[in-house]
Amino acid sequence: MGPNFDLHIASAAILAVLFLFAVFGYRLRHSKRFGITIALFSLVSAAVILGIIRASVVAATGLDQQTVPLRMAAVVIQCVASFLLFIYTLLLCRGDQAFRLERVLIGCIPLVVSVGASIALFFVDPSVYSSRSQTCCDKPLYLTVHLCMAFYPVVCVAFAVLYRKALDRLAIVAVSFASAAVLVGIAVELALGGLHPITFGMTIAVLALFVMVDNPLENVDSLTFAYDAAAFKHYVSDLMERRRRFSVVIVTLQHLAMLNALVGAAVADRAIRQVAQQSMRIGRTRRVYRVRDSTFAFTVFSRRECQRVVNELSEYFSHPQTLGFSSVDLDVAVTFAADLDAFNSAEQVVQYADFLTDRLQPGVTIPSDQHALVQEFSRWREIRRYLVHAVENNLVSTYVQPLFMLSRNRFSSFEVLSRLVHPALGRIPADEFIEAAESEGLIAALGRSQLESVCRFASEHARELRQRGIDSVKVNLSPIELMEVGFADNALATMRAWGVEPSLFQFEITETTATRYGEEVSNTIQVLRDAGARICMDDFGSGFANLDSLLTLPFTVVKLDKTLLDNATEDHAAEVLYCSVVQMMKAQGVETVAEGVETAEQDEFVRKLGIDEAQGYFYARPMPIEELLGTIQPIE
Ligand code: C2E
Ligand code: CA
Ligand code: CA
């Protein structure tokens, strides 16, 4: 059968393996790049198949002449494949920008010439297609076909070198390798005449591109065999481009960390897999995407189907699940995102899915009013968008709320609070935009500029503050700031730059932060304390902190949360609790602050307990920092 036949069989084997990979992974890839790889792949497969048929016919009949049309068709296909390699490289290097009509038309010239020459050869000298000798290399048309075909891989290598900065390393290697394989094929064919190794070269080229640049399996999650978040984005943007109407079903396994701690990582993994598998089974689709650690999403195309899937999944997970040896009640929440017409990018849909996931309650929640949710989401997005602008342009204002020293009957300090006013949405509650700032990575910048304005204020009005008996400033710290490398040093440097003593400051850390990040934050806390600043535990009693672990932290002030006080003035047991917490703190030598004092009754209550400072609307509301000195009168 000869070496041609062997080459074709080898090519077929390689392409068959690639084909299996493509079948497994094809559906999730909607990029143009992948489309072109598949086109290249199909063309080369066609050339290989023609080659195999031709070789078999020759082997069976011994008549090469009869296979001339087959060989010609294979050569034409090779010319087109060589051109596609070029388009692929163009796309890698320049993206969609490369596809200006005139450029593509100019790029087509060698293709047109080579295809024309291949066809002309058939009429002028068909023996070339069946020749087993080297003599055909002398024929100008034959040479033209090969030179035109060689033009593309040469240009590809040039592009890969030219655009090496824009490409990742693997793409450069893949393009160079693929081009070299085609070039070697052409050179060998020109040199040996009778041998046809171009298809083999092209097969190797497809292999290189397929494996290195655009491996379709790289988007499959190995634990659950669901596709990953990147694939979800691709898929959704494709649906949107095609203007398909769809809803997204979102399935979340809640409390993963707790599950890990309770039943161990292996069982927790099984639980995740179970959620993925049931989503696939009940959703009747392989296209389930793991969009977050324990959140899966998939699309459905009708309201009825959506209802069915949500109901069945909820029903299924309302029963205990058998995972290996244990039977576990999994907290799986199922929801869906409909009304996606308002969104114009996959990015937004993914964000919305995230937004819904964050709002899922334990158990099963199905939002009934999707329209309201989408509106809430728009607000959520808008706040984030505006916040970036506000932080960049210093539009977040600094407010302060004075704290009242009960024993001396005068104000003694103030807490710094941020305020954000959106041009259309009005004032944004601090909790809301602080959370946004934390999740958008803006909190450190916000904190820095706030500390800067407070230091400037304290430095410019040092005398006025002293006259008013204000001897400390309370600044809120978010966990993210605390974990930022060099946070304490930067803060101290700012104070030094404005000539403000660190001992003026009390840094407030919430109970939840203190217990959750105990180890990580203690370093920062130590540096601040060593410089003379104090640490204040904020919102004490609002979480479920372990008292033991709280007491190991070096705080000198504790703020009792507003909810504790509200309960204490209504309920006897809560009152007893409040009193005993105050006693305990006093026994530890910790200063106490009552938060959220709104009424005279509450004021009387905290005074009787001997609490040091009180904060609340009863004494003063938060105000712009510029109004502070006008509001508080100097003490004689
Ligand atoms: P927080 O640290 O507990 O701040 C006290 C909150 O209670 C403030 O809300 C304040 O306006 C409010 N408040 C004070 N007295 C009363 C009262 O008598 N009754 C009621 N109902 N509320 C009172 P605000 O300013 O909305 O801040 C909410 C939270 O946002 C703050 O809680 C704090 O955790 C955070 N936050 C505010 N500004 C900043 C900031 O610049 N940086 C950081 N990291 N967090 C901030
Ligand atoms: Ca605070
Ligand atoms: Ca507080």
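This is a predicted model: local features need pLDDT of at least 70, side-chain atom pairs count only at pLDDT 80 or more; totals for chains, interfaces and linings use all residues.
The largest cavity is lined by H8, A47, L50, G51, R54, L70, R71, A74, Q78, H196 and T199. A cavity here is a set of points, on a 1 Å grid over the protein atoms alone, where a 1.4 Å probe fits but cannot get out, and lining residues have an atom within 4 Å of a point. Two elements, α2 (32-61) and α3 (68-94), each give two or more residues to this lining; helices are DSSP runs of H or I with at least four residues, and strands are runs of E with at least two, numbered from the N terminus.

Residues are numbered from 1 along each chain as its sequence is written, chains are lettered from A and ligands numbered from 1 in the order in which they are written, and side-chain values use heavy atoms, with hydrogens and water left out.

The space in the largest cavity is about 70 Å³, and the structure holds 6 cavities of 30 Å³ or more. A volume is the space filled by probe spheres set on the grid points, which are joined across faces, edges and corners.

One of the lining residues is R54, found in helix α2. Is R54 buried or exposed? R54 is buried, at a relative accessible area of 10%; buried means under 20%, exposed over 50%, and partly exposed in between, with a 1.4 Å probe and protein chains only. Its side chain makes a polar contact with that of T67 at 3.2 Å, that is, a pair of N or O atoms within 3.5 Å, one able to donate a hydrogen and the other to accept it, where residues adjacent in sequence count only if both atoms are side-chain atoms.

I turn now to the calcium ions. Donors are N, O and S atoms within 2.8 Å of the metal, or 3.2 Å for Na, K and Ca; water is not among the atoms, so sites may look incomplete.

Which residue coordinates both ions? D538 does, and the two ions are 3.9 Å apart. D538 is buried, at 5%, whereas D539 is partly exposed, at 23%.

Conventions: On a 1 Å grid over the protein atoms alone, a cavity is a set of points where a 1.4 Å probe fits but cannot get out, and a pocket is an open set with protein on both sides within 12 Å along at least five of seven lines; lining residues have an atom within 4 Å of a point.
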